[in-house]
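Here is a friendly briefing to keep beside you while you look at the model. Please have the sequence and the 3D view open together.

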Amino acid sequence: MSYVDEIVDQVIAQNPSEPEFHQAVREVLDTIRPIVDANEQTLRRDALLERLVNPERQIKFRVPWVDDNGNVHVNTGYRVQFNSAIGPYKGGLRLHPSVNLGIIKFLGFEQIFKNSLTGLPIGGGKGGSDFDPKGKSDREIMNFCQSFMTELCKYIGADTDVPAGDIGTGAREIGYMFGQYKRIKDLFTGTLTGKGLSFGGSLARTEATGYGLLYITNALLNAHGIDIAGKTIAVSGAGNVATYAIQKAHQLGAKVVTCSDSTGWVYDPDGIDVDALKEIKEVKRARLTEYKNYRPNSEYHEGKGVWTVKVDIALPCATQNELDIEDAKTLVANGVFAVCEGANMPTTEEATKYFQDNGIYFIPGKAANAGGVATSALEMSQNSERLSWTFEEVDSKLKNIMENLYKNIDDAAKRYGMEGNYVAGANLAGFEKVLNAMNAQGIV
Ligand code: NDP
């Protein structure tokens with residue numbers, strides 16, 4: 001049996017109830033076979049893959065907090081410090097009832113290669129909790145964040161591990177967590193990114209993941225002689241990534257006609273109104289049912305359905321495995337020609353393969369949504385030099401990073417004889433650098 005297959009089997013046997021983690025490991029290891037097969041003896045000798053798939057450290061802790069009626073609740077907190085070969089652990093904190101160790105491990109594992117692809121010195125990590133922020137008052141959110149950070153602060157630091165936002169963790173939550181970190185540690189450092197602008201946050205961080213997604217999509221289309229202007233796009237999600245992806249798509253002259261949340265989706269033939277979306281989601285923290293009040297021409301539908309609309313480009317920006325094989329078939333039948341993932345692993349393995357087999361340009365999340373973490377690393381740099389760069393400066397660095405990233409994954413795919421396979425290109429390019437650093441640092 002090949003070394004890769006052995007390790008995939010081992011991961012499944014040792015982590016039986018973590019299907020998302022299996023999926024992420026299988027996808028990465030499958031595509032880095034050319035490197036592994038060519039160096040099998042040395043890699044086996046050094047147990048390189050065993051070290052790659054086992055987190056350096058995983059922390060699980062109790063998070064007790066008190067609600068507005070004085071009742072005590074207990075959630076579980078996680079931080080998986082996966083790989084620090086190329087820099088301090090870096091990755092977001094997810095607050096969602098679906099969070100468990102397997103989800104955090106899949107995200108942390110993906111983060112290793114994503115961070116490597118940015119070209120910046122950041123290792124891979126991820127964390128979060130099964131806490132559900134929906135329907136909680138501001139005080140309850142603060143209570144939870146403070147309790148969460150009271151424990152997490154023991155394990156993080158500006159040169160050790162720098163968490164950021166993710167699903168359910170936006171500027172408000174990062175603010176509360178930063179306040180508690182500072183209070184306990186008495187340190188005003190860049191230990192968290194995604195901070196408010198008045199206390200060390202970076203301009204353009206809020207927009208970065210969505211903008212970065214469009215910069216790489218545009219680079220992809222340019223490389224194939226296609227103009228994004230005038231194209232129709234389906235976006236899923238209505239959170240941070242989706243909102244700014246829609247905004248940048250419109251700035252580039254494309255038209256985004258859908259968005260969604262966990263209960264339903266919107267079709268707006270005139271193009272999604274970003275100001276309305278922001279007011280509904282960021283200010284009112286309400287459901288998408290409200291969108292029709294702003295745009296009477298639009299339609300609201302309960303449940304899933306974003307991928308049934310006829311579009312040129314699909315940008316899944318909500319959550320993992322939200323686009324399955326049936327969705328892929330519908331999109332292809334409707335003439336989609338490019339799919340770029342704003343969310344982490346939103347496309348199932350089967351659907352990814354279907355896109356690739358049908359000649360659809362497909363860029364995986366670890367490359368396409370890397371603009372967020374790249375800009376977080378730029379926030380760390382600004383914090384270290386105690387300076388703030390302008391929006392234009394950060395945005396132009398982000399654009400540069402995403403264009404280079406496209407070139408790197410395209411080049412890696414070509415070097416290994418898999419031209420146009422950006423899944424393989426991203427994994428190979430990301431892995432090359434991590435492998436090099438792990439080899440240089442000995443058996444640790
Ligand atoms: P947000 O919490 O801001 O938004 C998430 C959106 O997805 C919401 O509209 C939410 O709906 C919807 N959603 C969440 N879970 C589900 C579900 N199970 N089914 C259907 N819809 C769901 O998160 P972000 O925009 O920050 O993150 C979106 C994705 O992008 C995630 O995969 C995240 O890991 C990834 N990502 C985020 C980065 C960032 O900088 N924020 C960076 C890189 C990747 P509702 O409003 O109903 O909750």
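This is a predicted model: local features need pLDDT of at least 70, side-chain atom pairs count only at pLDDT 80 or more; totals for chains, interfaces and linings use all residues.

Residues are numbered from 1 along each chain as its sequence is written, and side-chain values use heavy atoms, with hydrogens and water left out.

**The sheet**

- Seven strands make an open sheet with mixed pairing, in the order S9-S8-S7-S6-S10-S11-S12; strands (E, at least two residues) and helices (H or I, at least four) are DSSP runs, numbered from the N terminus.
- Strand S9 (299-302) and strand S12 (361-363) are the edge strands, each pairing on one side only; two strands pair if DSSP finds at least two bridges between them.
- Strands S6 (residues 232-235) and S10 (residues 313-315) run parallel and are joined by 3 bridges, and Val 235 stands opposite Leu 315 in S10.

**Salt bridges**

- The whole structure holds 28 salt bridges, each being a side-chain nitrogen of Lys or Arg within 4 Å of a carboxyl oxygen of Asp or Glu.
- Asp 5 and Arg 33 form one of them, with their closest N and O atoms 2.8 Å apart.
- This pair links distant parts of the chain, 28 residues apart: Asp 5 is in helix H1 (residues 3-14) and Arg 33 in helix H3 (residues 33-38).
- Asp 268 and Arg 295 also meet in a salt bridge (2.9 Å, N to O).
- Asp 268 counts as buried at 0% relative accessibility, while Arg 295 is partly exposed at 22%; buried means under 20% relative accessible area, exposed over 50%, and partly exposed in between (1.4 Å probe, protein chains only).

**Single residues**

- Gln 111 sits in helix H6 (residues 101-117) and is buried, at 4% relative accessible area.
- Leaving out residues up to four places away in sequence, Gln 111 touches Lys 90, Gly 91, Gly 124, Gly 125, Lys 126 and Val 373, where contact means heavy atoms within 4.5 Å.
- Tyr 354, in helix H14 (residues 349-357), is partly exposed at 24% relative accessibility.
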